Amino acid sequence: MEKYVDGFMQPDLKNALHIGKMIEAELRRQERTVTWFSRQLHCDRRNVYDIFNRNSIDTGLLLRVSMILRTNFFKAISDVFDSSINVIERQY
């Protein structure tokens, strides 16, 4: 849903970028298990499910996840940022 502040449309970044869901989707796309992922991260499976539920994540952890899954999640964040900037710039 679009949100307006002072008459200008604001990108809905919370719903556009749910990093935990992106990580989970990539893990599933690679047909990897939560057990495999937890071993790679050196953590308990419950922590992996916690990551899947996070809307935001520490950059150090995101770097580890990106390296393990060989997926640049930082680029995905950057792409959402670029799209949001384009929405804002079109209004001016």
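Mentor: Buried means under 20% relative accessible area, exposed means over 50%, and partly exposed lies in between (1.4 Å probe, protein chains only). This is a predicted model, in which local features need pLDDT of at least 70, side-chain atom pairs count only at pLDDT 80 or more, and totals for chains, interfaces and linings use all residues. Residues are numbered from 1 along each chain as its sequence is written, and side-chain values use heavy atoms, with hydrogens and water left out.

Trainee: How many salt bridges does a search of the whole structure find?

Mentor: A salt bridge is a side-chain nitrogen of Lys or Arg within 4 Å of a carboxyl oxygen of Asp or Glu. The search finds five. One of them joins Asp44 to Arg46, with the closest N and O atoms 2.8 Å apart.

Trainee: Is Arg46 buried or exposed?

Mentor: Arg46 counts as exposed, at 64% relative accessibility.

Trainee: Where do Arg28 and Glu24 lie?

Mentor: Helices are DSSP runs (H or I, at least four residues), numbered from the N terminus. Both residues belong to helix H2 (residues 19–29), four residues apart, about one turn of the helix. Arg28 is partly exposed at 40%, as is Glu24 at 25%.

Trainee: With which residue does Asp50 form a salt bridge?

Mentor: Asp50 pairs with Arg54, the closest N and O atoms being 2.8 Å apart. Asp50 is partly exposed at 37% relative accessibility, and Arg54 is partly exposed at 28%.

Note on methods:
Helices (H or I, at least four residues) and strands (E, at least two) are DSSP runs, numbered from the N terminus.
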